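Q: Hi! Could you walk me through this one while I have the model open?
A: Happy to, let's take a look together.

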Amino acid sequence: MMCQRQEEKYFTWVRLQVPKMRLFIVVFVAVMCVCDGLKFGQLCSGNPDNTRRTSDSWGQGHYGAGRGQRKHEGVDVVCRDGSVVYAPFDVTLHGKVLVYNDPNKAAIDSGIELRGEGLCFKLFYVRPDQTSGSVKKGKRIGVMLPMQSVYPGITSHIHVQMCDKKIDPSPYL
Ligand SMILES: [Zn+2]
């Protein structure tokens, strides 16, 4: 009889513990996912939080915002003209990007392709210091171009776009 009661107690204990374990695992995995999420370090001097462009007379800065017939394929991070641009993590540089290939927008028609942390992405409206090699997180990679000269009154910004444009870069910012 004693033994049976012990067993019952044991199984009651197991029944109580299993849901707790399940909850623990669910919470643990959720926390892991959040910690695992890579975040860009500061992109632009004067904007330590990578604050994004919201809305101005030229449009909105979020991924998927309307751009006439097409959609905005990146996320705009506020950056004043002439600001220093930093590597958001340890990166390698993979060439200059021609943004528009439009002589009317020559003043801001450049960017840089970066890779690191398993990501490939482009930064538009940046004059890169160099277009190959590697740069450590937080080190200078270039200068924000004079966006106001092409889009007067816009919230000057760096456009962050994944090499695979179908991917929304927002979770990384
Ligand atoms: Zn943009």
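Q: Let's start with Cys79. Where does it lie?
A: Cys79 is in the loop between strand 5 and strand 6. Keep in mind that this is a predicted model.

Q: Is Cys79 buried or exposed?
A: Cys79 counts as buried, because it has 29 C-beta neighbours inside 10 Å, and the cut-off for buried is 20 or more.

Q: And what does Cys79 touch, leaving out residues up to four places away in sequence?
A: The list is Leu43, Cys44, Asn47, Met144, Ser156, His157 and Ile158. Take Ser156: it is 77 residues from Cys79 along the chain, yet their C-alpha atoms are separated by 5.5 Å.

Q: Ile158 is on that list. Which residues is Ile158 in contact with, beyond its neighbours within four places in sequence?
A: Leu43, Cys44, Val77, Cys79, Val85, Leu123, Phe124, Tyr125, Val126 and Met144.

Q: Nice. How many residues are in the largest nonpolar core?
A: That core has 28 residues, and Val85, Val126 and Ile158 have the most contacts inside it. At least two core residues come from each of strand 5, strand 6 (84-86), strand 7, strand 8, strand 9, strand 12 (140-144) and strand 13 (157-162). As general background, nonpolar side chains tend to be buried together in soluble globular proteins.

Q: Changing topic: what is the strand order in the open sheet of 6 strands?
A: The order is 5-13-9-8-7-11, and the pairing is antiparallel. Strand 5 (75-78) and strand 11 (132-135) are at the edges with a single partner strand each, so one side of each has no neighbour in the sheet. From one strand to the next, the twist averages 30 degrees.

Q: How many bridges join strand 7 to strand 8?
A: There are 5 bridges between strand 7 (residues 91-98) and strand 8 (residues 110-116), and the two run antiparallel.

Q: What about the hairpin of strand 8 and strand 9: how many residues are between the strands?
A: There are 2 residues between them, and Glu117 in this hairpin takes a positive phi near 55 degrees. That is a positive value in a residue other than glycine. Glu117 is exposed, because 12 other C-beta atoms lie within 10 Å and the cut-off for exposed is 12 or fewer.

Q: What is phi of Tyr125?
A: Phi of Tyr125 is near 75 degrees, again positive in a residue other than glycine. Tyr125 is in the loop between strand 9 and strand 10 (126-128). Tyr125 counts as buried, with 27 C-beta neighbours inside 10 Å.

Q: Last one: what order do the strands take in the open sheet of 3 strands?
A: The order is 6-12-10, with antiparallel pairing. Strand 6 and strand 10 are the edges, each with a single partner strand, so one side of each lacks a neighbour in the sheet. The twist from one strand to the next averages 40 degrees. Strand 10 and strand 12 are joined by 3 bridges, and Val126 has Met144 as its bridge partner in strand 12.

Key:
Residues numbered from 1 in each chain as written. Predicted model: local features only at pLDDT ≥ 70, side-chain atom pairs only at ≥ 80, totals over all residues. Pairing = 2+ DSSP bridges. Helix = DSSP H or I, 4+ residues; strand = E, 2+ residues; numbered from the N terminus. Axes fitted to C-alpha atoms, helices over the stretch in contact; angles between N-to-C directions. Core = buried A, V, L, I, M, F, W, Y, C linked by C-beta atoms within 7 Å. Contact = placed C-beta atoms within 7 Å.
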